[in-house]
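Dear colleague,

Please find below the structure that I am handing over to you.

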Amino acid sequence: MVEWTDSERAIITSIFSNLDYEEIGRKSLCRRLIVYPWTQRYFGGFGNLYNAETILCNPLIAAHGTKILHGLDRALKNMDDIKNTYAELSLLHSDKLHVDPDNFRLLADCLTVVIAAKMGPAFTVETQVAWQKFLSVVVSALGRQYH
């Protein structure tokens, strides 16, 4: 079990309270698909993903990005039991969707870049430490069924 300080909990809660889920979710997933194009293979049913412009304009990608971000709400609400909170989702991604678990880390990195850009100077070192810790726990939980 991960130990969270009151400060870390406050930082994570603050980030989520100011999130525009549609904007940040879309930008994060689009960034991952553009920067790491091999991750597009899991989105074959999402239509044309041939270049950055089509990815950025794709409503299915935007909707899935929003869905992913709302999925992180579950981790926020269950910070003391993230592993069990994501057990079913981990199983889905490993057994049914066969998603390479490294994709979770790549998306977490892209999400961090997008949030840091949005927050600007408010994304302090302390903020990043707490945020990276949170995402690391989520990524580990999502990859749990792979081990």
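D80 is partly exposed in this predicted model, its relative accessible area being 39%. The partner of D80 in a salt bridge is R9, and their closest N and O atoms lie 2.5 Å apart. This pair connects distant parts of the chain: R9 belongs to helix α1, while D80 sits in the loop between α4 (59-77) and α5 (82-85), 71 residues away. R9 also counts as partly exposed, at 26% relative accessibility.

In total, a search of the whole structure gives five salt bridges. Another of them joins K133 to E8, with 2.9 Å between the closest N and O atoms. Here too, distant parts of the chain are linked, since K133 lies in helix α8 (residues 125-142) and E8 in helix α1 (residues 6-17), 125 residues apart. K133 is partly exposed, with a relative accessible area of 25%, whereas E8 has 12% relative accessibility and counts as buried.

A further salt bridge lies within one helix. The side chains of E23 and K27 meet at 2.9 Å, N to O. Both residues are in helix α2 (residues 21-35); they are four residues apart, so about one helical turn separates them. E23 is buried, because its relative accessible area of 17% is under the 20% cut-off. K27, at 34%, counts as partly exposed.

Yours sincerely,
A colleague

How values were computed: Residues numbered from 1 in each chain as written. Predicted model: local features only at pLDDT ≥ 70, side-chain atom pairs only at ≥ 80, totals over all residues. Heavy atoms only, no water. Salt bridge = Lys/Arg side-chain N within 4 Å of Asp/Glu carboxyl O. Helix = DSSP H or I, 4+ residues; strand = E, 2+ residues; numbered from the N terminus. Buried < 20%, exposed > 50% of the residue type's maximum accessible area, 1.4 Å probe, protein only.
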